[in-house]
Amino acid sequence: MSGFVFSEKPIEIVEGDGAFVTDSNGTEYLDMGASYACVPLGHGHEAVQNAITDQLSRVTYVQASYPVEIRTKLYELLAETAPKTVDKVWLCNSGTEANEAALKFARAATGNSKIISTKRGFHGRTMGALATTWKDKYKKPYEPLMGDVEFVTYDDAAEMAAAIDDDTAAVIVEPVQGEGGINPARRKFLQRVRVETATSGAALIFDEVQTGMGRTGTLWASEWADVVPDMITSAKGLGNGLPVGATLCRDWIADNYGSHASTFSGGPVVSAAVHATVSAIVDEEIPQHAAEMGEYMMSEIEAAAEEHDLGVRDVRGEGLMVGVEVKKGANRVLRDLAMNHQILALPAGRTVVRLLPPLTIDETHVDTVVDALTEALD
């Protein structure tokens, strides 16, 4: 019997080390997708591996209603690293679950039902989160979905302000759209949304499933936006490869969240991995490094594109969340990078090459990518 959920790529990965993975034929690839940003510290990070192994020797699983030391420490660490006042934590298993919880919490805490999302946004594939995801290709087979969802143009402050009213339960927005094409929002837009939601009593949810934990050059993207939302959802970068999600809330949300639970919320092994990952990101000053490498990468790609007339329409992003919009089409470029240059990257729509490398890469890795992109596009 074969799997049917994913269309498999013709590369069987058997090992990973830092920024590289190796396939079953012994070919080494520079992993510039980090498995959709899920290994921010690179493959096989020693501290994370040790934390997992140590916890496995103690206890593998205890349901979340029983206190476990490592989970308690993780709650405290996430509360310390989150923006001030967003210090209540609910753990789950994925980004879509984190967003699902945030939508439920918002409806329970406000007593309203209207959810505002953005065009080109992506918030997950479960029925609630899917209702706030923009593209029909994700939604059509499963309709009807959760109702009372309104979509507005991303980064359009006036349209967003007009949509928010006294019936609004929440606005959910990515500070940088990932699946939608690596589109950073302007600070003024996010700050306006904060003002309007606070005025109406609606919850502001920052979907940081992809931007969180240092990727945009700050630990949370809300920091560079200088906005404190009511909830932050996170997942991909939290466990350095283990399945985990988190919904971080302000008190007024946590005190009125209704009834919500998950069997595997904060399992000890996963909690150990997350605690080690977040600790390393903070202690090793990974966000600052990501900011420096991201700036270097974007400037080098822009310079190469101009020098060689590569047909690059735009280079955009924050930190090591970089999008290169190309005329040829992203999939052609991605195949060339993988087959001819042993570099793995990702699409973000039809025309954007998405680069989400481990946050530990150095200038040598960036130079390799720029040279390969130049050849692939020239």
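Modeller: Quick note before we start: the domain bounds here come from an automatic or database domain assignment. The model is predicted, so local features need pLDDT of at least 70 and side-chain atom pairs count only at pLDDT 80 or more, while totals for chains, interfaces and linings use all residues. Residues are numbered from 1 along each chain as its sequence is written, and side-chain values use heavy atoms, with hydrogens and water left out.

Biologist: OK, what domains is the protein chain divided into?

Modeller: Domain 1 covers 13-44 + 285-377, and domain 2 covers 46-284. Their C-alpha centres lie 26 Å apart.

Biologist: How many residues does the contact take from each domain?

Modeller: Domain 1 gives 30 residues and domain 2 gives 32, with contact meaning heavy atoms within 4.5 Å.

Biologist: And what area do domain 1 and domain 2 bury between them?

Modeller: About 2,400 Å², with 59% of it on carbon and sulfur atoms. That is the accessible area (1.4 Å probe) the two parts lose on being put together, summed over both. On the domain 1 side, Leu 41, Glu 318 and Met 321 lose the most area to domain 2, together 26% of what that side buries.

Biologist: Salt bridges next. How many does a search of the whole structure find?

Modeller: The search finds 14, a salt bridge being a side-chain nitrogen of Lys or Arg within 4 Å of a carboxyl oxygen of Asp or Glu. Between domain 1 and domain 2 the count is 1.

Biologist: Which residue does Arg 354 pair with?

Modeller: Arg 354 bridges to Glu 179, and the closest N and O atoms are 3.1 Å apart. Arg 354 lies in strand E17 (residues 352-355) and Glu 179 in the loop between strand E8 (176-177) and strand E9 (183-184), so the pair ties together parts that are 175 residues apart in sequence.

Biologist: Switching to helices: at what angle do H3 and H11 pack?

Modeller: H3 (residues 69-81) and H11 (residues 268-283) pack at about 35 degrees, with axes 9 Å apart. Axes are lines fitted to C-alpha atoms, for helices over the stretch in contact, and angles run from 0 to 180 degrees between N-to-C directions. Helices (H or I, at least four residues) and strands (E, at least two) are DSSP runs, numbered from the N terminus.

Biologist: Which residues make that contact?

Modeller: Among them are Leu 74, Leu 77 and Leu 78 of H3, and Val 274, Val 278 and Val 282 of H11.

Biologist: And how do H13 and H14 cross?

Modeller: The axes of H13 (residues 330-341) and H14 (residues 363-377) come within 10 Å and cross at roughly 120 degrees. Val 333, Asp 336, Leu 337 and His 341 in H13 meet Ala 372, Leu 373, Glu 375, Ala 376 and Leu 377 in H14.
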